[in-house]
Amino acid sequence: QIFQPLHTLRSAEKELLPGFHPFEWQPALKAVSSTWDVGILDGLSGWSSSVEDVPADTIARRFRYDVALVSALKDLEEDLMEGLKEHGLDDSSVMGFSVTIKESCDGMGDVSEKHGGGPAVPEKAVRFSFTIMSVSVQVDKQDAAVVIFQEMKPNSELSCKPLCLMFVDESDHETLTAILGPVVAERNAMKESRLILTLGGLPRSFRFHFRGTGYDEKMVREMEGLEASGSTYICTLCDSTRAEASHNMVLHTITRSHQENLERYELWRTNPFSESAEELRDRVKGVSAKPFMETQPTLDALHCDIGNATEFYKIFQDEIGEMHARCGAPPPSLEERRRWRATLDKQLRKKLKLKPVMRMNGNYARRLMTAESVEVVCELVRSEERQQALRELMELYLQMKPVWRSTWPSRECPDQLCRYSFNSQRFAELLSTTFKYRYDGKITNYLHKTLAHVPEIVERDGSIGAWASEGNESGNKLFRRFRKMNARQSK
């Protein structure tokens, strides 16, 4: 070591510095600089500014995507070497590494400073992050790739690396797409190229596969150019309308894809058959903006939990108010509905210590969706058979839930996975008969996905829970901590 020329020592030292690892791309990335010692960038870099451009006060900060990926791989260096050793793979037989990335992006409501003088500004933020889900290697003379690393806690904030922080409202489509534009460009460039990086003392080659699954429905619709979630086109996975989805609750297949959305947008933009707005909209199934970033059509487990709990909460209110007996009667007044809600909240608070929340959140949803809370609600329901129906509905739901919640359903709940289609059919049957008053011609987006798409997604990806947005959501919590600002908690 001592007798080596200075500059080689320099690079050895540089190797050891955190975050600076020399790497190269073959072929070089289009429109991305080949320097590798890049730190945090202004979120607007990647857009060439003209003379007239007023430098915006920085509203975003980000890492260059490839630099962040390299840093994340370097963090896993020991695990990867360990994985090779475990499978008895020596360096000569290993061809190349293949890395699967989960991308998440989520808007955060009010992140303005809570102390300090001056007016409260409605500041909103969006975080974009990625998680390395698995790394596999192609081995000489073998067809199947060998998985040498699998993220065991894909929903922990520890495995979820932030890539870009923006002070933007997620509904502000223009600003959001302007800031994420360079990220998308880098991501597309990386798909076409391979990374050469020294791991375990040898240069190795990596290919990346990006899967944008950590988005809630609002974000997916925004990225993929679909109408907002109140649209008659209820689903981000299939072309069903709300009415169709409520009549045929279970039998749907995933048809939408990024490519198809792009083609449909072209149809929408050009209207080649000179159709009326209504006909055109029906032809493109609600795609009316340019799809901006490719997402993987899946279902977000966390928001599925929340959406369905909201639905059950409303069913409980309707059952307390005996809605099923109101055939043909005028709809209940707002006053009555408030009364039912107050009764339900009071009962849940008294028996389960469940405080009412302004907006349903994950923790409330988990506590509400239990057999115990159904028993508590049944105390308020007079008719014996309605109680039975509620119990059966919850029982079926609790059978179905682990399938889209667990990280590895085929390992963790194989029986429930096998029975899923059967259970969802029975669940749908209950909704369309016993609870017909609520599901005649309408159904909520997440309930449709829960009933119609879960088995197909699990079969394709092996898991729904692992690909959910939780890691990013937990990261939001950290972000708030670092800004020394606390969300307005309900009293």
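In which helix is Ser410 found? In this predicted model, Ser410 belongs to helix α14, which comprises residues 409-412. Ser410 is classed as exposed because its relative accessibility is 52%, and the cut-off for that class is over 50%.

The chain as a whole contains 19 helices and nine strands. Of its 491 residues, 49% are buried. Among contacts with a sequence separation of 6 or more, 71% involve residues 24 or more positions apart.

Helix α4 was examined in detail. This helix has 19 residues and covers residues 173-191. From its first C-alpha to its last, α4 reaches 25 Å, close to the 27 Å expected at 1.5 Å a residue. The helix is bent by about 40° at Leu180. A proline, Pro182, follows the site of the bend within four residues. Both Leu180 and Pro182 are listed among the buried residues of α4. That list also includes Leu176, Ile179, Gly181, Val184 and Ala189.

A polar atom of the Thr177 side chain lies 2.9 Å from the backbone oxygen of Glu174. An α-helix has 3.6 residues a turn, so residues three or four places apart point the same way. Ala185, which also lies in α4, is partly exposed, with a relative accessible area of 45%. The C-alpha atom of Ala185 is separated by 9.8 Å from that of Tyr65, although the two residues are 120 residues apart along the chain.

Tyr65 also takes part in the packing of two helices. Two packed helices are described by the angle between their axes and the distance between the axes. For helix α2, residues 65-75, and helix α4, the angle is about 60° and the axes are 9 Å apart. On the α2 side, the contact is formed by Tyr65, Asp66 and Leu69. The α4 side contributes Val183, Glu186, Arg187 and Met190. By class, four residues of this contact are nonpolar and three are charged, while no polar residue takes part.

Gln26 and Pro27 are joined by a cis peptide bond, with omega of about -15°. Pro27 is placed in the loop that connects β1 (23-26) with β2 (41-42). Asn271, which is not a glycine, has a positive phi of about 45°. This residue occupies the loop between α7 (258-270) and α8 (277-284). A positive phi, near 50°, is also found at Glu322, likewise a residue other than glycine. Glu322 is situated in the loop between α9 (301-320) and α10 (334-352) and is partly exposed, with a relative accessible area of 28%.

Key: Residues are numbered from 1 along each chain as its sequence is written. This is a predicted model: local features need pLDDT of at least 70, side-chain atom pairs count only at pLDDT 80 or more; totals for chains, interfaces and linings use all residues. Side-chain values use heavy atoms; hydrogens and water are left out. Axes are lines fitted to C-alpha atoms, for helices over the stretch in contact, and angles run from 0 to 180 degrees between N-to-C directions. Contact means heavy atoms within 4.5 Å. Ala, Val, Leu, Ile, Met, Phe, Trp, Tyr, Cys and Pro count as nonpolar, Asp, Glu, Lys and Arg as charged, and the others, Gly among them, as polar. A polar contact is a pair of N or O atoms within 3.5 Å; within protein, one must be able to donate a hydrogen and the other to accept it, and residues adjacent in sequence count only if both atoms are side-chain atoms. The expected span of a helix is 1.5 Å times one less than its number of residues. The bend at a residue is the angle between axes fitted to the seven residues ending there and the seven starting there. Buried means under 20% relative accessible area, exposed over 50%, partly exposed in between (1.4 Å probe, protein chains only).
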